[in-house]
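Work through the exercises below with the sequence and the model at hand. Each task is followed by a solution in steps.

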Amino acid sequence: DILFTLTGYSRTLSHVDMERYIYDEEPEEDSKNTTAREKVRPLTNQPVLPHVKGQAQYFNFILRDTRQGESLGTKEYNLGIYYEFFSSSGKYIDKRTDFMRSHKKFSTVNTVRLSLDKKIAEVEKTQKVGYVKVYLCRNNYPVGEPIEFRIVPECLHKLNDFAFLNALGGWSSFNFEGEKSVTVKPEANTIYKTQLPDYTVSSQIESVFDKEIEETFSVKTASITAEVTDWLKELGASIAVYELSTNRYVVIDDFNIKHTTKDRLFVLEMKYHYSDTYNAVIK
């Protein structure tokens, strides 16, 4: 048997039951069956997230398919993504499906980058969307539990999102739309030269041999709830974090949570540098 591993984490004495995150293909069952809809959870511990236009969002799931790649004849089925759209008041607006593929094209662990903005634009021709529920889809029917995306106004929120491997080994993203700053710290290695008889005031005594430039970036969130703050600890513990505006791998140096003047709201500050920052050597 093949052993599959996910790059996530948990507390040393905690037990994570991954069975509830596995979708069992069971090709003989009716896709409309209620039990099928309860079989899978997406790979995230935070199923309700804010979304600003342009932000990358992901849906991750594990597929148990004992006949992966085989033809199932009359029992063939497709998997994809199912969107349900609601107004801010909770009124149902419409539904859409996307990324429908044969089960044979999926792997054991799967990540789908969602087309939220495209689908929202299609639906908003008739009514404004307040939030979207996203499910795994089998033969055009939603299965399992959804991820819910709360749409925030584009005019009030700027985009500065980061993607990271969460505690369950799936990809998640979060938008740091608050203050952003950068600190540049040059460091020189020098050598000393002999003073010659023909010296001038511009002659070198202590001379720069090489120089390193250290860049440290700092970003902050807007005011977020305690629940979201607790979930973002997963970003601080992740071994893979990417700044999506540059597509660069980043190393987190510091992760601070600061109280705001509003009760029960927090501002989280993250300090980081690019993985190649300390290699910016000039000789």
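**Exercise 1. Find which strands supply at least two residues each to the lining of the largest cavity, and describe that lining.**

Step 1. The strands are β3 (58-64), β8 (141-151) and β10 (171-175). Strands are DSSP runs of E with at least two residues, helices are runs of H or I with at least four, and both are numbered from the N terminus.

Step 2. The model is predicted, so local features need pLDDT of at least 70 and side-chain atom pairs count only at pLDDT 80 or more, while totals for chains, interfaces and linings use all residues. Residues are numbered from 1 along each chain as its sequence is written, and side-chain values use heavy atoms, without hydrogens and water.

Step 3. A cavity is a set of points, on a 1 Å grid over the protein atoms alone, where a 1.4 Å probe fits but cannot get out; lining residues have an atom within 4 Å of a point. The lining consists of T44, L49, Q57, Y58, N60, I147, F149, W171 and S172.

Step 4. Sorted by type, the lining has 5 nonpolar residues, 4 polar ones and no charged ones. Here Ala, Val, Leu, Ile, Met, Phe, Trp, Tyr, Cys and Pro are nonpolar, Asp, Glu, Lys and Arg are charged, and the others, Gly among them, are polar.

Step 5. The volume of the largest cavity is about 50 Å³, a volume being the space filled by probe spheres set on the points, which are joined across faces, edges and corners.

**Exercise 2. Describe the largest pocket: what is its volume, and which residues lie nearest its centre?**

Step 1. A pocket is an open set of grid points with protein on both sides within 12 Å along at least five of seven lines. The volume of the largest one is about 910 Å³.

Step 2. Its lining holds 34 residues, with V16, M18, Y21, A167 and L168 nearest the centre. Two or more lining residues come from each of β3, α3 (226-231) and α4 (233-237).

Step 3. By type, 15 lining residues are nonpolar, 10 polar and 9 charged.

**Exercise 3. Why do the buried residues of α2 line one face of the helix?**

Step 1. In α2 (residues 116-123), L116, K119, I120 and V123 are buried, meaning under 20% relative accessible area with a 1.4 Å probe, protein chains only.

Step 2. Viewed down the helix axis, the buried residues of α2 fall within an arc of 100°, so they line one face. The arc is taken over the directions from the helix axis to the C-beta atoms.

Step 3. These residues pack against β2 (48-51), β4 (78-86), β5 (92-102), β7 (131-138) and β8, a contact being heavy atoms within 4.5 Å.

Definitions and conventions:
Buried < 20%, exposed > 50% of the residue type's maximum accessible area, 1.4 Å probe, protein only.
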